[in-house]
Amino acid sequence: MNKTEAMIEKVKALAEASSCCAEAKEAANNWLAAVNTEKQDEAAKALIEEIAADIIPIDGLIAFAGSEDGKKISARRRQPESRRMRRRSKQKVQDSVTARHAQRLLRS
């Protein structure tokens with residue numbers, strides 16, 4: 001496998017990833033369409049710029065997560081999930097039955 005074939009595989013994987021944003025997916029597909037044409041270098045530059053804008057290194061992510069903005073986003077995302085979990089738990093309790101009393105009656 002040569003370098004171009006390896007890049008094609010990686011860029012396809014990027015475009016197919018569920019976490020890939022629309023802009024990165026578009027840039028990836030544009031590069032794939034431009035492979036082996038005169039527009040390949042231009043498409044590659046656009047793809048690299050899009051990746052640089054969208055992908056944050058782990059150190060940057062850790063710093064963001066600890067910032068006030070990161071804490072606000074995290075709190076907003078957790079809040080609805082915890083509400084759903086409480087509702088599901090209540091529903092499970094309401095839907096459950098206890099058969100102990102019936103078993104005692106059958107034994108006597």
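Colleague: In this model, does Asn 36 count as buried or exposed, and at what relative accessibility?

Modeller: Asn 36 has a relative accessibility of 67%, and because exposed means over 50%, Asn 36 counts as exposed. Please keep in mind throughout that this is a predicted model.

Colleague: Where does Asn 36 lie, and what is its phi?

Modeller: As a general idea, most residues other than glycine have a negative phi. Here Asn 36, which sits in the loop between α2 (22-34) and α3 (40-54), has a phi near 65 degrees, a positive value in a residue other than glycine.

Colleague: Which residues of α2 are buried, and which exposed residues does the face turned away from them carry?

Modeller: An α-helix has 3.6 residues a turn, so residues three or four places apart point the same way. In α2 the buried residues are Ala 24, Ala 27, Ala 28, Trp 31 and Ala 34. They lie on the same side of α2, because they cover an arc of only 130 degrees around the axis. Ala 22, Glu 26 and Ala 33 are the exposed residues on the face turned away from this buried side.

Colleague: What do the buried residues of α2 pack against, and which residues form the largest nonpolar core?

Modeller: The buried residues of α2 pack against α1 and α3. The largest nonpolar core has nine residues, namely Val 11, Ala 15, Ala 27, Ala 28, Trp 31, Ala 34, Val 35, Ala 43 and Leu 47. The elements giving two or more residues to this core are α1, α2 and α3, with the largest share, four residues, coming from α2. Leaving aside neighbours within four places in sequence, Trp 31 is in contact with Met 7, Ile 8, Val 11, Gln 40, Ala 43, Ala 44 and Leu 47.

Colleague: Which elements have the highest and the lowest mean pLDDT?

Modeller: Where pLDDT is low, the predicted coordinates should not be read in detail. Among the elements of the protein, α2 has the highest mean pLDDT (95), whereas helix α6 (residues 100-107) has the lowest (51). The protein averages a pLDDT of 80, and 69% of the residues score at least 70.

Definitions and conventions
Residues numbered from 1 in each chain as written. Predicted model: local features only at pLDDT ≥ 70, side-chain atom pairs only at ≥ 80, totals over all residues. Heavy atoms only, no water. Buried < 20%, exposed > 50% of the residue type's maximum accessible area, 1.4 Å probe, protein only. Core = buried A, V, L, I, M, F, W, Y, C linked by side-chain atoms within 4.5 Å. Contact = heavy atoms within 4.5 Å. Arc of directions from axis to C-beta. pLDDT = per-residue confidence, 0-100.
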